[in-house]
Amino acid sequence: TGTFAAYMDGPIFTVSDPWLRSWLDALAFSLSGLPASRTSAAAMAYVLFDMHRPNAALDYPRGGLGSVIDALVSGVEQGDNGSKVNLRSHVESIDSSLDGSRITGLTLRSGKKVKARDGVISNVPV
């Protein structure tokens with residue numbers, strides 16, 4: 001389906017209103033961590049449709065979106081399993097076993113390897 005770029009910057013449609021562009025970027029960021037032009041068009045279409053169904057509401061978490069992120073980080077890093085959230089770390093590759101059946105970790109742009117015991121959680125668009 002591609003990204004939402006064709007609906008932001010043409011050729012299908014061009015959003016020229018600065019407020020609307022900012023709002024769409026904020027909505028997209030809450031979905032993918034990316035601006036609207038780099039977010040999946042299917043994801044954007046579903047959310048825009050869902051927001052306009054009868055009795056729909058756009059709710060905001062108490063404490064803002066940062067409180068949701070803090071709760072997710074806390075859940076991942078709790079206990080003694082060694083799980084860690086890495087922020088602002090450019091991932092060069094998600095590494096897998098030779099047969100591709102299991103994710104084994106990731107390689108950062110710096111060359112550092114991060115080994116995964118059970119898996120990798122990522123917001124990379126697929």
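Contact here means heavy atoms within 4.5 Å. The notes below concern a predicted model.

1. **Asp95 and its neighbours.** Asp95 lies in strand β1. Leaving aside residues up to four places away in sequence, Asp95 touches Arg102, Ile103, Thr104, Gly105, Leu106, Thr107 and Lys113. The residue is buried, because its relative accessible area is 18% and the cut-off for buried is under 20%.

2. **The Asp95 salt bridge.** Lys113 is the salt-bridge partner of Asp95, with the closest N and O atoms 4.0 Å apart. This pair links distant parts of the chain: Lys113 is in strand β3 (residues 113-115), Asp95 is in strand β1, and 18 residues separate them. What is the burial state of Lys113: buried or exposed? Lys113 counts as exposed, since its relative accessibility is 52% and exposed means over 50%. Asp95, at 18%, counts as buried.

3. **Pairing of β1 and β2.** Strand β1 covers residues 91-96. Strand β2 covers residues 103-108. The two run antiparallel and are joined by five bridges. Val91 stands opposite Leu108 in β2. Ser96 stands opposite Ile103 in β2.

4. **The β1-β2 hairpin.** How many residues lie between the strands of this hairpin? There are six. Gly100, in this hairpin, takes a positive phi near 75°.

5. **Pairing of β2 and β3.** β2 also pairs with β3, in the antiparallel sense, over three bridges. Thr107 stands opposite Lys113 in β3. Both Thr107 and Lys113 are also on the contact list of Asp95. The hairpin of β2 and β3 has four residues between the strands. Here Gly111 takes a positive phi, near 100°.

6. Which residues make the nonpolar surface patch of about 350 Å²? They are Val91, Ile94, Ile103, Val120 and Val124. Val91 is found in strand β1. Val91 is partly exposed, as its relative accessible area is 38%, a value that also clears the patch cut-off of over 30%. In general, nonpolar side chains of soluble globular proteins tend to be buried together.

7. **The largest nonpolar core.** This core has 10 residues: Phe4, Met8, Val15, Leu24, Leu27, Ala28, Ala36, Ala41, Met44 and Val47. Which elements give two or more residues to it? Those elements are α2 and α3 (41-51). Val47 touches Leu27 and Leu31, again not counting residues up to four places away in sequence. Leu27 is itself a member of the core.

8. **The Asp9–Arg21 salt bridge.** The structure holds three salt bridges. One of them joins Asp9 to Arg21, with the closest N and O atoms 2.9 Å apart. The pair links distant parts of the chain, 12 residues apart: Asp9 is in the loop between α1 (5-8) and α2 (18-32), and Arg21 is in helix α2. Asp9 is partly exposed, given its 45% relative accessibility. Arg21 is partly exposed too, at 25%.

9. **The Asp50–Arg53 salt bridge.** Asp50 forms a salt bridge with Arg53. Their closest N and O atoms are 2.6 Å apart. Asp50 has a relative accessibility of 25%, so it counts as partly exposed. Arg53, at 40%, is also partly exposed.

10. Ser32 belongs to helix α2. Is Ser32 buried or exposed? Ser32 counts as buried, because its relative accessibility is 14%, and buried means under 20%. Its contacts, not counting residues up to four places away in sequence, are Thr39 and Asn123. Ser32 and Asn123 are 91 residues apart along the chain, yet their C-alpha atoms are separated by 6.4 Å.

Conventions: Residues are numbered from 1 along each chain as its sequence is written. This is a predicted model: local features need pLDDT of at least 70, side-chain atom pairs count only at pLDDT 80 or more; totals for chains, interfaces and linings use all residues. Side-chain values use heavy atoms; hydrogens and water are left out. Patches are made of residues with over 30% relative accessible area and no salt bridge: like charges are joined within 9 Å, nonpolar side chains (Val, Leu, Ile, Met, Phe, Trp, Tyr) within 5 Å. Accessible areas come from the Shrake-Rupley method with a 1.4 Å probe; for residues, only the protein chains shown count as cover. A salt bridge is a side-chain nitrogen of Lys or Arg within 4 Å of a carboxyl oxygen of Asp or Glu. Buried means under 20% relative accessible area, exposed over 50%, partly exposed in between (1.4 Å probe, protein chains only). A nonpolar core is a set of buried Ala, Val, Leu, Ile, Met, Phe, Trp, Tyr and Cys residues joined through side-chain atoms within 4.5 Å. Two strands pair if DSSP finds at least two bridges between them.
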